[in-house]
Each structure stands twice: as C-alpha cells, then as structure tokens.
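Here are a few quick notes to read alongside the structure. Take them point by point.

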Amino acid sequence: MPQLDTSTWLITILSMILTLFIMMQLKVSKHSFPSNPEPLEVKSSKHTTPWETKWTKIYSPLSLPQR
C-alpha cells in the first residue's frame, strides 16, 4: 500500500490561507462605508391610556395610619 506524500501540504495550506486573506482584503477595500454615520431620529408616538387621565393611588398596608 503506497504512503501518502504529505510534504507539500504545508505549502498548499499556507498559500490557500494567504490567497483567502488577500481576496477578503480586496473585497473589503472595495466596499464603501459611510464617512460619518448619523443616528436616525426616532419619532415616538404618545399612547393614551385610560389611567393617565385619572388620579389613582395605591395604598400599601404599611402606609395606612395606625389605629
């Protein structure tokens, strides 16, 4: 059974990684990014709820006067 020749694997793997790196750099360098990103203004709409128009108070047992 013949042996597998692994002497060229290192060069092949390193050249593949280098090629992928160069291709990614070229791809990223062609992409145009905004020069000064500004935050978008979000318009908030006021939701009216029934309890906003009434005065309500929650009494807890500890805040009631002592008898």
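1. Let's start with Leu 20, which sits in helix α1, spanning residues 9-29. Do keep in mind that this is a predicted model. Is Leu 20 buried or exposed, or in between? Its relative accessible area is 48%, so it counts as partly exposed; the cut-off for exposed is over 50%.

2. Leu 20 also belongs to a nonpolar surface patch, together with Leu 4, Trp 9, Ile 13, Met 16, Ile 17 and Met 23.

3. On the annotation side, the unreviewed UniProt entry marks residues 6-26 as "transmembrane region".

4. Zooming out, the protein's secondary structure amounts to one helix and zero strands. Of its 67 residues, 0% are buried.

5. Last, the surface: the protein has an accessible surface of about 7900 Å². Carbon and sulfur atoms contribute 66% of that area.

Conventions. Residues numbered from 1 in each chain as written. Predicted model: local features only at pLDDT ≥ 70, side-chain atom pairs only at ≥ 80, totals over all residues. Heavy atoms only, no water. Helix = DSSP H or I, 4+ residues; strand = E, 2+ residues; numbered from the N terminus. Buried < 20%, exposed > 50% of the residue type's maximum accessible area, 1.4 Å probe, protein only. Areas by Shrake-Rupley, 256 points an atom, 1.4 Å probe, with all protein chains shown as cover. UniProt positions renumbered as here; feature names shortened; annotations may be inferred. Patch = residues over 30% accessible without salt bridge, like charges linked within 9 Å, V, L, I, M, F, W, Y side chains within 5 Å. Salt bridge = Lys/Arg side-chain N within 4 Å of Asp/Glu carboxyl O.
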